[in-house]
Amino acid sequence: MSEPILKVDNLKTYFFLASGTAKAVDGVSFTLDKGETLGIVGESGSGKSVTAKSIIRLLEAVGRIVDGSILFEGKDVLKMDNKELMDYRGRDASMIFQDPMTSLDPVFKIGYQMVENMRAHQDISREEAKKTCIQALRAVGIPQPEVRFDSYAFELSGGMCQRVIIAMALCSGAKLIIADEPTTALDVTVQAQVLKLLKQLQEQNDMALLLITHNLGVVWEMCDKVMVMYAGKNVEYTTTGRLYEKPLHPYTWGLLDSMPSLSLDSKEELKTIKGTPPDLRLTGTCCNFYNRCPYVKPICRQCVPEQVEVEPGHFVSCHFQTKEKRLTRGEVNPYEE
């Protein structure tokens, strides 16, 4: 079996604040193969974006990777010097951020930005780079790419700007695309177009795709594997089909139950997960989900559950989901307060 293109092991990224240390990512592990799509899902503040930024070492001044390893094609990203890191970010891995309108510099034309990005990582003339960029703009479905090449970002719609960002990733020849909620700022119709485009380009170029999203419907359509994050931890990790067929963590159950259904009676209330996520400065001594979990028992308040491979390729972090015992979805909890 070939080596995964990306392997993250026990990644811990903390933010050192005046009020305490926030464990934004606390022991996350996963692998991503060439041509594969991994979806990372969870509520806001669960650590999805920090995980993505840690992979390309693009953290704020107060954030620091304190433990773990990140291997890209067997190379340790955490040990790369500045030149290696610049090549890795622009040539091997490319990131698509949430808001396309702020990902491009409004002062420079998009063509100039694309060409400079290419020439920073490749030995190529300006004219050759321009031809490649125009071809990439055409490939992502931008009409009149020669005209758009000389446009400013503010002259384009949000969907067009997002396509430009994807085109820049194509020009770099990136082997790994990290898409951090790439459709959040777009309307529903454009969301579908952008996701379809990403899928097509991934298949054509055999790229690995790390997709961060809140939308479990997007996960079903786009992803081969899923990692569910909660309060900085990976609580469930398996194939997409397995997650929908047989989810095991109570938090995953809550996310799936919260999805609206087309067959839902208009008078029926939408289900929600009660409570709020914990303060990340206070986690690490118990199950982070205990205060919201309808199946909570005394042990949940006393120690952190280990991640267990309950079935081949299906990892869960719950005291009551192991090879020997299973929690029943919907069962009555005598300990619930």
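Begin by selecting Glu-236, which stands opposite Val-316 in E12. The model is a predicted one, in which local features need pLDDT of at least 70 and side-chain atom pairs count only at pLDDT 80 or more, while totals for chains, interfaces and linings use all residues. Residues are numbered from 1 along each chain as its sequence is written, and side-chain values use heavy atoms, with hydrogens and water left out.

Strands (E, at least two residues) and helices (H or I, at least four) are DSSP runs numbered from the N terminus, and two strands count as paired if DSSP finds at least two bridges between them.

Now show the whole sheet, an open one of eight strands in the order E6-E7-E8-E3-E9-E10-E12-E11, with mixed pairing. Strand E6 (93-96) and strand E11 (307-311) are at its edges, each with a single partner strand, so one side of each lacks a neighbour in the sheet. Neighbouring strands are turned by 20° against each other on average, direction ignored; the axes are lines fitted to C-alpha atoms, for helices over the stretch in contact, and angles run from 0 to 180 degrees between N-to-C directions.

Next, select H6 (residues 158-172), which lies across E6 and strand E7 (176-180) and runs at about 180° to E6. The structure holds zero disulfides, a disulfide being a pair of cysteine sulfur atoms within 2.5 Å. For Cys-171 the nearest cysteine sulfur, that of Cys-133, is 3.9 Å away.

Finally, move to H7 (residues 188-205) and colour its buried residues, Val-190, Val-194, Leu-195, Leu-197, Leu-198, Leu-201 and Gln-202. Seen down the axis of H7, they fall within an arc of 155°, so they line one face of the helix; the arc is that of the directions from the helix axis to the C-beta atoms. What covers them includes E6, H6, strand E3 (37-41), helix H4 (126-139), strand E8 (208-213) and helix H8 (216-222), where contact means heavy atoms within 4.5 Å. The face turned away from the buried side carries the exposed residues Val-188, Thr-189, Lys-196, Glu-203 and Gln-204. End at Asp-206, which follows H7 and has a positive phi, near 55°.

Note on methods: Buried < 20%, exposed > 50% of the residue type's maximum accessible area, 1.4 Å probe, protein only.
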